[in-house]
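Here is a quick briefing to read with the structure open beside you.

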Amino acid sequence: MADVSDDRGQLLLVAGLVIAITFVLLVLVLNTVIYTENLGTRSSDVGGDDAVAYERAAVDHVAALLPYHLPEMDAETAFAEEVEEWVRWSQRHTLIHTNLVDVTVAEEDMTGTRIRHIDSSRAFTDADGEGGGEEGWTLATDVEHTPQFRIWELPVENETNILDVFAVETGRFRVVIADEDDEWWLEIYEGEDADGNPIVIAKTNSGNRCEVESSSSTIDLVAGTVGNCEEIDPFTETVDGPYTIRYENADNIEGQYDLLVDVDVEENAQNGPYNDPTVSPYTTSAVYYATAGVTYENDRLTYESTVDVSPEGRRD
Amino acid sequence: MTDDRAVASTLSYALTLSITTILLVSVFAGAGSLVDGQQDRAIESGLTVQGERLAADLMTVDQLSRTGSAEHVEVRIDLPAHVGGEGYRIGITEDGEGNDIIELTSGGIELSVDFIVERALEAERLNGGTVTIKFDDETGTIEVRND
């Protein structure tokens with residue numbers, strides 16, 4: 001009888017164990033479900049928006065720097081340094097959020113030319129002194145954009161009256177900008193006001209004209225202004241790229257000019273010869289287009305892109 | 001008469017034992033199927049969540065790769081090694097109608113998650129762990145593999 005009493009309650013013990021194990025298993029399953037729910041409600045955003053936003057900011061910044069040129073410096077190097085400075089700033093900002101960002105600019109493919117003539121006592125002829133007369137000479141061909149084109153320091157009041165040539169009524173100096181279908185030109189010559197004082201007259205082929213004193217005779221062909229006079233129609237209203245920029249009767253004007261075009265003028269033999277950067281007219285390189293390599297990285301995402309950038313922004 | 005004494009107690013004891021055993025077996029079977037059922041449901045919802053996460057990242061890579069200038073896009077995702085205590089396999093394939101699907105299998109459970117990408121896909125069969133989704137401009141395809 002003693003043995004029997006020791007075995008009593010075994011069944012209940014087994015039942016209790018089974019129920020306990022069942023509860024433990026249920027808890028484990030419930031734990032899995034909670035973990036799954038947790039994963040399911042977590043944000044699945046890997047930072048794609050931030051990567052695209054950073055790329056856009058970088059492209060906007062590079063585009064804002066373009067066209068880039070410095071009077072007497074290597075434009076490519078200076079441009080790359082400017083971009084690098086912005087990158088350092090952006091890195092400081094984004095590293096707070098443990099993202100790695102970088103922008104590099106490729107040194108090739110920075111096509112653009114600044115054409116300058118800064119010798120006020122020299123005619124606007126080419127480097128060989130040719131290009132006077134009706135046939136003129138071509139400064140640049142296949143140009144799509146000319147963000148800057150100014151002519152100034154016209155020596156009307158020069159005591160030696162050097163601008164007798166400038167005052168002739170025939171063979172007036174002309175800037176001719178022509179595309180396949182249309183032509184725009186601007187004549188610049190000397191005239192007299194009612195009191196007989198010398199003035200600068202600028203007239204386009206549409207008949208618009210400006211007459212100003214020589215002291216304020218900076219002519220901006222892009223904005224369509226001569227000093228304070230805004231009557232000149234900008235050439236961009238008449239011609240579309242690609243166009244050719246020519247001078248006619250270049251021996252009948254003296255002064256200075258400075259223009260920036262989006263092509264490498266030295267590459268094309270049709271363009272007039274230019275001097276080395278010490279003697280006018282000369283060319284220097286300018287950064288007109290840039291290729292920006294953008295990198296954005298966080299713990300889950302790596303994004304790398306190469307964007308061609310022009311002054312207007314992304315070029316695709 | 002003496003031979004029949006205490007028969008009622010023995011019978012009663014045997015009956016109690018039998019009924020208790022039957023009840024316990026029922027409880028055991030019921031609890032087992034309850035746990036099994038709950039585990040299957042947990043695995044199903046777990047697989048769905050992992051499938052949706054993978055699909056979201058695949059579509060993110062696809063979208064980023066089509067921004068026009070992207071050359072290299074890589075997204076890393078950490079998937080659990082087990083779902084509901086079971087290992088699982090992931091296949092990226094097409095259904096009968098040509099739609100992209102992610103097929104997830106674990107034991108006898110099999111389910112699929114739809115997704116839409118425009119780039120071509122190159123995917124191996126995956127287990128849990130770190131999965132890398134990579135787009136390269138040179139190949140023009142999105143590659144999915146286990147790290």
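Let's start inside strand β3 (residues 137-143) of chain A, which is where A:Asp142 lies; helices here (H or I, at least four residues) and strands (E, at least two) are DSSP runs numbered from the N terminus. A:Asp142 isn't a glycine, yet its phi is positive, at about 55°. With a relative accessible area of 48%, A:Asp142 is partly exposed; buried means under 20%, exposed over 50%, and partly exposed in between, with a 1.4 Å probe and protein chains only.

Some ground rules before going on. This is a predicted model, in which local features need pLDDT of at least 70 and side-chain atom pairs count only at pLDDT 80 or more, while totals for chains, interfaces and linings use all residues. Residues are numbered from 1 along each chain as its sequence is written, chains are lettered from A and ligands numbered from 1 in the order in which they are written, and side-chain values use heavy atoms, with hydrogens and water left out.

**Chain A: the overall picture**

- Chain A holds five helices and 16 strands.
- Of the 316 residues in chain A, 47% are buried.
- Take the contacts in chain A between residues at least 6 apart in sequence: 70% of them join residues at least 24 apart. Contact here means heavy atoms within 4.5 Å.

- A:Asn249 sits in the loop between β11 (243-248) and β12 of chain A, and it counts as buried at 5% relative accessibility.
- Where are the cis peptide bonds? One joins A:Leu66 and A:Pro67, with omega about -10°; another joins A:Ser280 and A:Pro281, also with omega about -10°.
- A:Pro67 belongs to the loop between α3 and α4 (75-95) of chain A.
- A:Pro281 belongs to the loop between β12 (256-261) and β13 (282-285) of chain A.

**Where chains A and B meet**

- On the chain A side, 30 residues are in contact with 33 residues of chain B.
- The size of an interface is often given as the accessible area lost when the parts come together.
- For chain A and chain B, the buried area is about 2600 Å², with 67% of it on carbon and sulfur atoms. Buried area is the accessible area (1.4 Å probe) that two parts lose on being put together, summed over both.
- How many salt bridges does the rule find across the interface of chain A and chain B? It finds one, where a salt bridge is a side-chain nitrogen of Lys or Arg within 4 Å of a carboxyl oxygen of Asp or Glu.
- A:Arg300 and B:Asp57 form a salt bridge, and their closest N and O atoms are 2.3 Å apart.
- On the side of chain A that touches chain B, α2 (10-41), α3 (48-65) and β15 (301-310) of chain A each supply at least two residues.
- The biggest contribution to that side comes from α2(A), with 14 residues.
- Sorted by class, that side has 15 nonpolar, ten polar and five charged residues. Ala, Val, Leu, Ile, Met, Phe, Trp, Tyr, Cys and Pro count as nonpolar, Asp, Glu, Lys and Arg as charged, and the others, Gly among them, as polar.
- β15(A) also runs antiparallel to strand β1 (residues 70-79) of chain B, joined by five bridges; two strands pair if DSSP finds at least two bridges between them.
- Opposite A:Ser305 you'll find B:Ala70, in β1(B).

**Strands in chain B**

- Strand β5 (residues 120-123) and strand β7 (residues 141-146) of chain B pair in the parallel sense over four bridges, with B:Leu121 opposite B:Ile142.
- Strand β6 (residues 129-136) of chain B runs antiparallel to β7(B), with five bridges joining them.
- B:Thr132 has B:Arg145 in β7(B) as its bridge partner.
- The hairpin of β6(B) and β7(B) has four residues between the strands, and B:Gly140 takes a positive phi near 75° there.

**B:Ala55 in its helix**

- Helix α1 (residues 7-65) of chain B contains B:Ala55.
- Is B:Ala55 buried or exposed? B:Ala55 is buried, with a relative accessible area of 2%.
- Leaving out residues up to four places away in sequence, B:Ala55 touches B:Ile102, B:Val113, B:Asp114 and B:Phe115.
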